[in-house]
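Here are a few notes to go with the model. Have a look at it first, then read on.

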Amino acid sequence: MNLPALGLTALVGGVLIHASTGLPAFGDPDSPPSVHVSPRYIERGTAETGAANLVTAVLADYRGWDTLGETAVIFTAGLACLLIVGGGAAWRGEDDR
Amino acid sequence: MRFPLGSPTLDAAARLMTPFVLLFAAYVVVHGHDSPGGGFQGGVLLAAAVILVKLVRGRPAGWEIGTRTALGLACAGVVLFAGIGVVPLFFGGSYLDYGVPQWLPGPTATRVIGTLGIEIGVTLTVAGVLLVVFDALAAWGEEEPA
(Lines give C-alpha, C1' and ligand atoms only; values in the text may rest on other atoms or scores of the structure.)
Protein backbone atom coordinates (compact mmCIF):
# COMPACT_ATOMS: atom_id res chain seq x y z
CA MET A 1 0.00 0.00 0.00
CA ASN A 2 1.27 3.44 -0.92
CA LEU A 3 0.96 5.23 2.42
CA PRO A 4 2.08 8.71 1.25
CA ALA A 5 -0.48 8.63 -1.56
CA LEU A 6 -3.20 7.41 0.80
CA GLY A 7 -2.35 10.15 3.29
CA LEU A 8 -2.33 12.84 0.60
CA THR A 9 -5.66 11.62 -0.78
CA ALA A 10 -7.20 11.57 2.69
CA LEU A 11 -5.84 15.06 3.42
CA VAL A 12 -7.12 16.59 0.15
CA GLY A 13 -10.44 14.76 0.52
CA GLY A 14 -10.81 15.99 4.08
CA VAL A 15 -10.08 19.58 3.07
CA LEU A 16 -12.62 19.38 0.23
CA ILE A 17 -15.29 17.84 2.47
CA HIS A 18 -14.63 20.52 5.09
CA ALA A 19 -14.85 23.24 2.40
CA SER A 20 -18.15 21.82 1.10
CA THR A 21 -19.82 22.62 4.42
CA GLY A 22 -19.24 26.30 3.65
CA LEU A 23 -21.17 26.18 0.36
CA PRO A 24 -24.64 27.78 0.23
CA ALA A 25 -27.57 25.38 0.54
CA PHE A 26 -28.85 23.88 -2.71
CA GLY A 27 -31.24 26.33 -4.35
CA ASP A 28 -30.55 29.03 -1.76
CA PRO A 29 -32.07 32.26 -3.14
CA ASP A 30 -29.50 34.33 -1.21
CA SER A 31 -26.43 32.55 -2.63
CA PRO A 32 -24.13 34.74 -4.77
CA PRO A 33 -25.12 33.21 -8.15
CA SER A 34 -28.80 33.72 -7.40
CA VAL A 35 -28.29 37.27 -6.16
CA HIS A 36 -26.46 38.86 -9.06
CA VAL A 37 -25.59 36.45 -11.89
CA SER A 38 -29.01 34.98 -12.67
CA PRO A 39 -30.98 38.26 -12.40
CA ARG A 40 -28.44 39.96 -14.64
CA TYR A 41 -28.88 37.28 -17.33
CA ILE A 42 -32.65 37.41 -17.06
CA GLU A 43 -32.89 41.21 -17.10
CA ARG A 44 -30.35 42.00 -19.82
CA GLY A 45 -29.76 38.72 -21.65
CA THR A 46 -32.04 39.42 -24.59
CA ALA A 47 -30.92 43.04 -24.93
CA GLU A 48 -27.23 42.14 -24.84
CA THR A 49 -27.21 39.01 -27.00
CA GLY A 50 -30.25 39.43 -29.25
CA ALA A 51 -31.44 35.94 -28.30
CA ALA A 52 -35.03 35.70 -27.11
CA ASN A 53 -34.22 32.21 -25.82
CA LEU A 54 -32.32 32.70 -22.57
CA VAL A 55 -30.88 29.19 -22.76
CA THR A 56 -29.22 30.09 -26.06
CA ALA A 57 -28.08 33.43 -24.66
CA VAL A 58 -26.26 31.72 -21.80
CA LEU A 59 -25.12 28.61 -23.68
CA ALA A 60 -23.85 30.23 -26.86
CA ASP A 61 -22.91 33.70 -25.69
CA TYR A 62 -22.17 34.23 -22.00
CA ARG A 63 -20.77 30.74 -21.63
CA GLY A 64 -19.39 30.29 -25.14
CA TRP A 65 -16.13 28.91 -23.79
CA ASP A 66 -18.02 26.21 -21.97
CA THR A 67 -19.90 25.23 -25.12
CA LEU A 68 -16.67 25.15 -27.13
CA GLY A 69 -15.30 22.76 -24.53
CA GLU A 70 -18.43 20.62 -24.71
CA THR A 71 -18.11 20.42 -28.49
CA ALA A 72 -14.49 19.34 -28.14
CA VAL A 73 -15.53 16.73 -25.57
CA ILE A 74 -18.15 15.28 -27.93
CA PHE A 75 -15.62 15.20 -30.74
CA THR A 76 -13.10 13.43 -28.50
CA ALA A 77 -15.76 10.94 -27.42
CA GLY A 78 -16.49 10.14 -31.07
CA LEU A 79 -12.79 9.59 -31.77
CA ALA A 80 -12.48 7.34 -28.73
CA CYS A 81 -15.50 5.33 -29.84
CA LEU A 82 -13.95 4.90 -33.28
CA LEU A 83 -10.66 3.71 -31.76
CA ILE A 84 -12.19 1.35 -29.20
CA VAL A 85 -15.01 -0.25 -31.17
CA GLY A 86 -12.82 -0.93 -34.16
CA GLY A 87 -13.63 1.60 -36.84
CA GLY A 88 -9.88 1.57 -37.42
CA ALA A 89 -10.23 -1.18 -39.98
CA ALA A 90 -12.82 0.82 -41.90
CA TRP A 91 -10.56 3.86 -41.66
CA ARG A 92 -7.59 2.11 -43.23
CA GLY A 93 -9.75 0.46 -45.86
CA GLU A 94 -8.70 -3.02 -44.73
CA ASP A 95 -9.99 -5.68 -42.42
CA ASP A 96 -7.47 -6.95 -39.89
CA ARG A 97 -9.78 -8.98 -37.69
CA MET B 1 -24.73 -2.92 -42.34
CA ARG B 2 -24.60 -5.31 -45.27
CA PHE B 3 -28.16 -6.43 -44.71
CA PRO B 4 -30.43 -3.40 -44.65
CA LEU B 5 -33.81 -3.68 -43.05
CA GLY B 6 -35.39 -2.54 -46.30
CA SER B 7 -38.85 -3.49 -47.43
CA PRO B 8 -41.23 -1.56 -49.69
CA THR B 9 -43.18 -0.35 -46.66
CA LEU B 10 -40.12 0.84 -44.74
CA ASP B 11 -38.71 2.35 -47.89
CA ALA B 12 -41.86 4.38 -48.53
CA ALA B 13 -42.07 5.47 -44.89
CA ALA B 14 -38.42 6.53 -44.83
CA ARG B 15 -38.81 8.44 -48.09
CA LEU B 16 -41.80 10.24 -46.64
CA MET B 17 -40.16 11.10 -43.33
CA THR B 18 -36.60 12.00 -44.31
CA PRO B 19 -37.23 15.42 -45.90
CA PHE B 20 -39.34 16.50 -42.94
CA VAL B 21 -36.71 15.34 -40.43
CA LEU B 22 -34.06 17.29 -42.35
CA LEU B 23 -36.27 20.37 -42.54
CA PHE B 24 -37.04 20.14 -38.83
CA ALA B 25 -33.32 19.79 -38.07
CA ALA B 26 -32.61 23.01 -39.96
CA TYR B 27 -35.51 24.72 -38.20
CA VAL B 28 -34.32 23.63 -34.75
CA VAL B 29 -30.82 24.96 -35.43
CA VAL B 30 -31.79 28.27 -37.02
CA HIS B 31 -34.73 29.01 -34.73
CA GLY B 32 -32.88 27.90 -31.61
CA HIS B 33 -32.14 31.55 -31.01
CA ASP B 34 -35.76 32.32 -30.21
CA SER B 35 -37.24 28.99 -29.15
CA PRO B 36 -36.08 25.75 -27.58
CA GLY B 37 -33.50 24.09 -29.78
CA GLY B 38 -29.98 24.75 -30.95
CA GLY B 39 -26.93 23.01 -32.27
CA PHE B 40 -26.97 19.91 -30.08
CA GLN B 41 -30.59 19.04 -30.79
CA GLY B 42 -30.34 19.93 -34.48
CA GLY B 43 -27.25 17.81 -34.87
CA VAL B 44 -29.00 14.81 -33.40
CA LEU B 45 -31.94 15.26 -35.80
CA LEU B 46 -29.59 15.60 -38.75
CA ALA B 47 -27.78 12.41 -37.81
CA ALA B 48 -31.09 10.64 -37.19
CA ALA B 49 -32.20 11.36 -40.76
CA VAL B 50 -28.99 9.93 -42.22
CA ILE B 51 -29.06 6.90 -39.90
CA LEU B 52 -32.69 6.22 -40.84
CA VAL B 53 -31.76 6.09 -44.52
CA LYS B 54 -28.72 3.91 -43.79
CA LEU B 55 -30.80 1.49 -41.72
CA VAL B 56 -33.45 1.12 -44.38
CA ARG B 57 -31.35 1.10 -47.51
CA GLY B 58 -27.93 -0.13 -46.37
CA ARG B 59 -24.59 1.52 -45.88
CA PRO B 60 -23.86 3.11 -49.29
CA ALA B 61 -27.12 5.07 -49.06
CA GLY B 62 -27.52 8.06 -46.79
CA TRP B 63 -25.80 10.42 -49.25
CA GLU B 64 -22.76 8.13 -49.04
CA ILE B 65 -21.63 9.72 -45.79
CA GLY B 66 -19.07 7.23 -44.56
CA THR B 67 -16.82 7.28 -41.50
CA ARG B 68 -14.25 9.54 -43.12
CA THR B 69 -16.82 12.11 -44.24
CA ALA B 70 -18.54 12.04 -40.86
CA LEU B 71 -15.25 12.53 -39.04
CA GLY B 72 -14.46 15.39 -41.41
CA LEU B 73 -17.80 17.00 -40.58
CA ALA B 74 -17.07 16.68 -36.86
CA CYS B 75 -13.63 18.25 -37.30
CA ALA B 76 -15.08 21.04 -39.42
CA GLY B 77 -17.63 21.81 -36.70
CA VAL B 78 -15.02 22.23 -33.97
CA VAL B 79 -12.80 24.29 -36.30
CA LEU B 80 -15.76 26.48 -37.31
CA PHE B 81 -16.65 27.13 -33.66
CA ALA B 82 -13.07 27.90 -32.64
CA GLY B 83 -12.50 29.94 -35.83
CA ILE B 84 -15.52 32.15 -35.29
CA GLY B 85 -14.20 32.77 -31.79
CA VAL B 86 -10.93 34.09 -33.24
CA VAL B 87 -12.56 36.71 -35.50
CA PRO B 88 -13.35 39.27 -32.74
CA LEU B 89 -9.68 39.22 -31.66
CA PHE B 90 -8.81 41.17 -34.84
CA PHE B 91 -11.31 43.89 -33.89
CA GLY B 92 -10.05 44.47 -30.36
CA GLY B 93 -12.53 42.16 -28.67
CA SER B 94 -12.15 39.06 -26.55
CA TYR B 95 -12.18 35.47 -27.78
CA LEU B 96 -15.77 34.41 -28.67
CA ASP B 97 -17.08 37.98 -28.23
CA TYR B 98 -18.99 37.82 -31.55
CA GLY B 99 -20.61 41.26 -31.36
CA VAL B 100 -17.39 43.27 -31.54
CA PRO B 101 -16.93 43.64 -35.35
CA GLN B 102 -20.31 45.49 -35.76
CA TRP B 103 -20.67 44.54 -39.44
CA LEU B 104 -24.44 44.79 -39.38
CA PRO B 105 -26.58 47.68 -38.14
CA GLY B 106 -28.20 47.28 -34.76
CA PRO B 107 -26.57 46.53 -31.43
CA THR B 108 -26.86 42.73 -31.56
CA ALA B 109 -27.19 41.80 -35.26
CA THR B 110 -23.56 40.74 -35.73
CA ARG B 111 -23.68 38.90 -32.40
CA VAL B 112 -26.71 36.92 -33.58
CA ILE B 113 -24.87 35.88 -36.75
CA GLY B 114 -21.87 34.78 -34.70
CA THR B 115 -24.09 32.78 -32.38
CA LEU B 116 -25.76 31.13 -35.37
CA GLY B 117 -22.32 30.28 -36.75
CA ILE B 118 -21.18 28.52 -33.61
CA GLU B 119 -24.52 26.70 -33.40
CA ILE B 120 -23.90 25.39 -36.91
CA GLY B 121 -20.45 24.30 -35.77
CA VAL B 122 -21.99 22.41 -32.85
CA THR B 123 -24.54 20.86 -35.24
CA LEU B 124 -21.84 19.56 -37.59
CA THR B 125 -19.83 18.12 -34.70
CA VAL B 126 -22.77 16.38 -33.05
CA ALA B 127 -24.09 14.98 -36.32
CA GLY B 128 -20.64 13.85 -37.45
CA VAL B 129 -19.82 12.16 -34.15
CA LEU B 130 -23.16 10.34 -34.04
CA LEU B 131 -22.60 9.06 -37.59
CA VAL B 132 -19.07 7.95 -36.66
CA VAL B 133 -20.46 6.06 -33.66
CA PHE B 134 -23.20 4.47 -35.76
CA ASP B 135 -20.74 3.41 -38.44
CA ALA B 136 -18.33 1.98 -35.88
CA LEU B 137 -21.07 -0.04 -34.19
CA ALA B 138 -22.62 -1.16 -37.48
CA ALA B 139 -19.25 -2.29 -38.85
CA TRP B 140 -18.60 -4.37 -35.75
CA GLY B 141 -21.19 -6.98 -36.58
CA GLU B 142 -20.35 -7.02 -40.25
CA GLU B 143 -19.53 -10.26 -41.99
CA GLU B 144 -16.17 -10.77 -43.65
CA PRO B 145 -16.44 -9.34 -47.18
CA ALA B 146 -16.06 -12.15 -49.68
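1. At what angle do helix α4 (residues 64–85) of chain A and helix α3 (residues 67–86) of chain B pack, and how far apart are their axes? The angle is about 160 degrees, and the axes lie 10 Å apart. (Axes are lines fitted to C-alpha atoms, for helices over the stretch in contact, and angles run from 0 to 180 degrees between N-to-C directions; helices are DSSP runs of H or I, at least four residues, numbered from the N terminus.)

2. Before going further: this is a predicted model, where local features need pLDDT of at least 70 and side-chain atom pairs count only at pLDDT 80 or more, while totals for chains, interfaces and linings use all residues. Residues are numbered from 1 along each chain as its sequence is written, with chains lettered from A and ligands numbered from 1 in the order in which they are written.

3. Back to that pair: α4(A) and α3(B) are therefore roughly antiparallel (angles over 145 degrees count as such). Residues making the contact include A:Leu68 and A:Phe75 of α4(A), and B:Val78 and B:Phe81 of α3(B). (Contact means C-beta atoms, placed from the backbone, within 7 Å.)

4. Zooming out, the contact takes 27 residues from chain A and 35 residues from chain B. On the chain A side, α4(A) gives the largest share, 13 residues.

5. Now for another helix: α2 of chain B (residues 39–57) has 19 residues and reaches 27 Å from its first C-alpha to its last, close to the 27 Å expected (1.5 Å times one less than its number of residues). After α2(B) comes B:Gly58, with a positive phi near 95 degrees.

Terms used: Helix = DSSP H or I, 4+ residues; strand = E, 2+ residues; numbered from the N terminus. Parallel < 35°, antiparallel > 145°, perpendicular 65-115°, else oblique. Contact = placed C-beta atoms within 7 Å.
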